[in-house]
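User: Hi! Could you walk me through this structure?
Analyst: Happy to, here it comes.

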Amino acid sequence: MKVQSNNFIPAAQIAIHDVDLQTAVSFGTNSGFTKRQAAMFAQGEAHGQALRQQAAAIKRHALNHLPDLLEQAEANMQANGIQVLWAIDGDEANQHVLDIARRHNVRSVVKSKSMVTEETGLNHALEAADIAVLETDLGEYIIQIGDETPSHIVAPIVHKTKESIRDLLVAKANMPPTDDPGEMTQFARQLLRERFLAADMGVSGGNFIVAETGSIGLVSNEGNARLTTSLPRVHVALVGIEKIVPTVVDYALLTQVLPRSATGQAMTVYTSLINGPRQPGETDGPEHVYVILVDNGRSHIYTTAYAEALACIRCGACLNGCPVYQVTGGHAYGWVYPGPIGAVITPLLTGLENASPLPYASSLCGMCKEVCPVDIDIPRMLLDLRHDLVEMGQGGTVWHVGMRAWAWGNSAPGRFVFGGKVAARAANWLKPKSLPGPLGGWTKYRNTPKFAPKSFRQLWQEREQERKGEGVKG
Ligand code: SF4
């Protein structure tokens, strides 16, 4: 997927004026946020916070031991009959899938939801090789027939209204017109079921890989992931290398916090552990299972001060709670991962110079950290990325000159007092309706504040003098 994150500001301005998008994203994020709060703290604040702390500890432990856990996971998957491949980047991951497809004479593929394959652009690679590919998650299917990209980690069509989905299904899938979401779902389900039965290969992601058992952990609500991984004769899972967890007990804990944070459920409808291909005597399951462990920039992040970002379990809670995402939606972020976590990992995975507006796409209110089930300090990383941008000289001339002037003015008490007085008097005398130049962005939607006639420093000194005077009298 092409990176268009440097276009964030104009894309956000368009999104802010898109009435349908505002309606859909506002409903989707508010609903997700409210359900998350209710589910996470259904058994009390202390219980919810304890779950978060345990999940955070598991992911930190897993990251601290990642090289060893990857080796353990590979050995145990191979012992289970899973063929393990490694991909340094998206092209190599796609090439592995194409090689597997050729080896098994695959002509049609069904896919369950996978953000890693969005990173690698797998659908385009398969189509270019003349292999039919169909997304089977309902939201991803709508995205595919609409020739769009997902706008949310968990809810790919959160930007769409019911009416726009209806119009798309009628136009692109010949659905008989209906406004009933249940009938729309039934129509898509019927259509997808036939393709599941005909597919040669199923491609999935993986929410977790359990190192001690060599298992692929998958959570979903629609059942499509289970059909994708069990009906076709070949199953390929593309999984980021950061998705390793040490034990099944860890997996059990994480499958409690992930659905609570993502969809407000105590547990997803389908929670699967896939241990390998069909065994002798079994009547179903794929004949071949492959896991492709995808790096694509993750090992670089692992060596930096941003390694904590790899703890993300892709629940989407930070998106739902973010006041910026709530008004811009996901497409404005210009790549696979939107919202606060996208503002961190997009620059890290695609290059800071390719996503320089994203670290500023935050009010730093801290809600992303507060709702994160693994307690990732996103605001700290956003500030660090801003620092990196300034170090790279990407802060802009106005920023550099302004900060230098500010530093000079504040480095001596006399200049500080004098500058404050001049600025306040000039502002109150001129009474500008808007600030000039690039500062105008601040006053475009706000009134210019009136400066108080006396500064805090003056008031404080006067009060101190009064107090001393009263003390002398007393
Ligand atoms: S950063 Fe935290 S809240 Fe955001 S998607 Fe990842 S795990 Fe969820």
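Analyst: We can go from the overall chain to the ligand, the pockets and a few local spots.

User: Great. What should I know about the model before we start?
Analyst: This is a predicted model, where local features need pLDDT of at least 70 and side-chain atom pairs count only at pLDDT 80 or more, while totals for chains, interfaces and linings use all residues. Residues are numbered from 1 along each chain as its sequence is written, and side-chain values use heavy atoms, leaving out hydrogens and water.

User: How many helices and strands are in the chain?
Analyst: The chain has 22 helices and 10 strands. Both are DSSP runs numbered from the N terminus: helices are H or I with at least four residues, strands are E with at least two.

User: And what does the chain span along its principal axes?
Analyst: The C-alpha trace spans about 100 × 50 × 45 Å. Of the 474 residues, 48% are buried (buried means under 20% relative accessible area, exposed over 50%, partly exposed in between, with a 1.4 Å probe and protein chains only).

User: Which residues surround the ligand?
Analyst: Cys 312, Ile 313, Arg 314, Cys 315, Gly 316, Cys 318, Ile 341, Cys 372, Pro 373, Val 374, Ile 376 and Ile 378. Each counts as near if one of its heavy atoms lies within 4 Å. By class, that shell has 10 nonpolar, one polar and one charged residues. Here Ala, Val, Leu, Ile, Met, Phe, Trp, Tyr, Cys and Pro count as nonpolar, Asp, Glu, Lys and Arg as charged, and the others, Gly among them, as polar.

User: Where does the ligand sit?
Analyst: In the largest cavity, meaning that more than half of its atoms lie within 2 Å of the cavity's grid points. The grid has 1 Å spacing over the protein atoms alone; a cavity is a set of points where a 1.4 Å probe fits but cannot get out, a pocket is an open set with protein on both sides within 12 Å along at least five of seven lines, and lining residues have an atom within 4 Å of a point.

User: What's the volume of that cavity?
Analyst: About 90 Å³, where volume is the space filled by probe spheres set on the points, and points are joined across faces, edges and corners. The largest cavity is lined by 14 residues, and the closest to its centre are Cys 312, Cys 315, Cys 318, Ile 341 and Cys 372.

User: Switching topic: what about the second largest pocket?
Analyst: Its volume is about 1,400 Å³. The lining has 28 residues, with Ile 9, Tyr 360, Pro 438, Gly 441 and Trp 442 nearest the centre. Helices α1 (8–16), α15 (325–328), α19 (397–410) and α21 (440–443) each give two or more residues to that lining.

User: Gly 437: buried or exposed?
Analyst: Gly 437 is exposed, at a relative accessible area of 61%. You'll find Gly 437 in the loop between α20 (413–430) and α21.

User: Why do you call helix α8 largely enclosed?
Analyst: Because six of the eight residues of α8 (residues 138–145) are buried. The cover over those buried residues includes α6 (115–120), β3 (132–135), α9 (162–173) and α10 (181–198).

User: Last one: what is Asn 123 in contact with?
Analyst: Beyond its neighbours within four places in sequence, Asn 123 contacts Lys 111, Val 133, Glu 135 and Gln 144 (contact means heavy atoms within 4.5 Å). Asn 123 lies in helix α7 (residues 122–128) and is buried, with a relative accessible area of 16%.
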